Amino acid sequence: MTRKRRRLYFVLAGMVTLGLATTLVLIAFQDNLVFFYSPSDVVEKGVEPDRRFRIGGLVEENSVTRTDGDITVAFRVTDQVHAVPVVFRGLLPDLFREGQGIVAEGTLNGQGVFVASEVLAKHDENYMPPEVADALKRAGQWQGEEK
Amino acid sequence: MHRFANPTRFMRLSARILPWAAGLALVLTLAGLVWGLGYAPPDYQQGDTVRIMFVHVPAAWMAMFSYTFMAVASATALIWKHPLADFSAKAAAPIGACFTFIALVTGSLWGQPMWGTWWVWDARLTSVLVLFFLYLGYMALWQAIEDPQKASRAAAILALVGFVNVPIIKFSVDWWYTLHQPASVLRLDGPAIHPSILWPLLVMALAFKAYFVTVLLVRIRSEINLRKIRAMQQARIAEEVGFAAPPAAEITGRT
């Protein structure tokens with residue numbers, strides 16, 4: 001019985017130590033584990049021009065302008081606190097629209113405009129049939145992104 | 001608990017459960033697929049692409065469940081030396097690896113039309129890929145060490161060390177900004193999925209669980225038979241060479 005007890009404590013102590021070590025490592029690498037930065041991160045912490053990173057947020061309402069025969073798109077990415085202007089030349093994902101969450105990869109130019117080389121749509125966690133979405137909008141209960 | 005840890009009793013019990021588990025898995029999978037692919041409504045944003053979720057989400061749940069099961073069985077095998085715990089952990093690994101693979105592939109197929117990319121190195125996707133490699137490493141370790149007792153110890157330790165990855169997978173979407181969306185079903189303020197889409201999803205989840213039980217039982221049974229054959233062969237060799245047969249503690253499970 002004592003041998004089993006000892007093995008039990010040994011395994012438990014090992015798991016606790018391992019858990020602590022992992023937690024410390026994850027906290028230490030916190031800034032590197034995020035897939036993208038928010039506009040607030042970019043505005044407040046500041047990123048030097050020409051460093052590649054990803055920015056994520058919502059496409060600001062009424063900010064999308066298309067020029068050059070619809071190939072070049074300019075819009076602003078916002079987290080409702082700060083907004084960063086983005087330009088992108090290329091194909092946008094189907095889900096891209098105003099109010100939609102997106103993640104763009106690229107660099108800041110000298111004027112503080114984010115020049116994106118890739119734009120990904122970020123889907124939210126809400127799933128519903130179209131009729132339910134319409135009904136929610138009609139009733140003014142819509143809490144998700146604007147369609 | 002100790003009563004059920006006896007392999008002989010397990011063989012009798014599992015033979016009774018097996019047809020029911022297999023039948024349940026078959027019926028639920030058919031029902032879930034027909035419901036999910038044929039009758040559930042399309043999503044307001046994703047359209048019919050949402051149907052990939054009926055396979056992707058249950059597979060991802062089972063990937064994490066199988067690993068948790070494997071880790072608990074490994075701990076039991078390490079601490080209490082139950083032979084059945086040992087067999088269970090070993091049997092669960094390939095099933096979990098398959099579920100992880102399905103989750104990765106279906107996720108990729110969904111990501112291309114929805115996100116605009118097959119793969120990104122965000123925290124959720126990367127940690128699930130690590131889970132897949134943990135399964136493969138665990139299976140490889142069993143293969144690499146010939147002595148089953150040594151292999152079991154080494155594999156069990158790997159399974160326990162790798163377990164830290166499971167909470168990382170689950171909470172990665174809450175702790176860091178990821179491209180993958182946060183949890184829709186298992187969250188504190190209730191599911192964010194409309195019931196018409198949620199129900200077929202839950203049926204599929206149950207189907208996968210029943211499938212897990214079925215294959216797990218088959219694999220444990222074959223492992224027990226394999227050990228029996230091994231012990232018999234060893235006894236025979238010993239007899240031929242003229243030594244007394246070794247005690248077959250391995251088969252009866254009475255240590």
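Before you click, a word on reading it: residues are numbered from 1 along each chain as its sequence is written, and chains are lettered from A, with ligands numbered from 1, in the order in which they are written. Since the model is predicted, local features need pLDDT of at least 70 and side-chain atom pairs count only at pLDDT 80 or more, while totals for chains, interfaces and linings use all residues.

**Stop 1: chain B**

You'll see eight helices and zero strands; helices here are DSSP runs of H or I with at least four residues, strands are runs of E with at least two, and both are numbered from the N terminus. Reading from that end, the order is α-α-α-α-α-α-α-α. The C-alpha atoms of chain B fill a box of roughly 75 × 35 × 30 Å along the principal axes.

Now colour by burial. A residue is buried if 20 or more other C-beta atoms lie within 10 Å of its own, exposed if 12 or fewer, and partly exposed in between, with C-beta atoms placed from the backbone. On that count, 40% of the 255 residues in chain B are buried. As for contacts (C-beta atoms, placed from the backbone, within 7 Å), take those in chain B between residues at least 6 apart in sequence: 72% of them join residues at least 24 apart.

**Stop 2: helix α2 of chain B**

Select residues 53-80 of chain B, which make up helix α2. Of its 28 residues, 24 are buried, so α2(B) is largely enclosed by the rest of the structure. Step just past the helix and you reach B:K81, with a positive phi of about 55 degrees.

**Stop 3: the largest nonpolar core**

A nonpolar core is a set of buried Ala, Val, Leu, Ile, Met, Phe, Trp, Tyr and Cys residues joined through C-beta atoms within 7 Å. The largest one has 95 residues, and the members that touch the most others are A:A104, B:A63 and B:M70. Helix α2 of chain B gives the most to this core, with 19 residues.

**Stop 4: where the chains meet**

Bring chain A back. The contact takes 30 residues from chain A and 34 residues from chain B. On the chain B side, the elements that give two or more residues are α2, α3 (83-114), α5 and α7 (195-241). The largest share of that side, four residues, comes from α2(B). Colour the chain B side by residue type and you get 24 nonpolar, eight polar and two charged residues.

While you're here, pick B:P148 in helix α5 (residues 148-162) of chain B. B:P148 is partly exposed, with 17 other C-beta atoms within 10 Å. B:D86 is 62 residues from B:P148 in sequence, yet the two are 9.8 Å apart, C-alpha to C-alpha.

**Stop 5: chain A**

Chain A has four helices and six strands, running α-α-α-β-β-β-β-β-β-α from the N terminus on. Its radius of gyration, 22 Å, is well over the 15 Å that the globule rule gives for 147 residues, so chain A is more spread out than a compact globule. That radius is taken over C-alpha atoms, and the rule is 2.2 Å times the number of residues to the power 0.38. Buried residues come to 24% of the 147 in chain A.

Next, colour by domain, with bounds that come from an automatic or database domain assignment: domain 1 is 2-31 and domain 2 is 35-122. The centres of these two domains of chain A, taken over C-alpha atoms, are 41 Å apart.

**Stop 6: two loops**

Finish with A:N62, in the loop between β1 (53-59) and β2 (65-67) of chain A. A:N62 is not a glycine, yet has a positive phi of about 55 degrees. Is A:N62 buried or exposed? Exposed, with 8 C-beta neighbours inside 10 Å.

Then hop to A:Q80, in the loop between β3 (72-78) and β4 (83-89) of chain A. A:Q80 has a positive phi too, near 75 degrees, and is exposed, with 11 other C-beta atoms within 10 Å.

Key
Two residues are in contact if their C-beta atoms, placed from the backbone, lie within 7 Å. Ala, Val, Leu, Ile, Met, Phe, Trp, Tyr, Cys and Pro count as nonpolar, Asp, Glu, Lys and Arg as charged, and the others, Gly among them, as polar.
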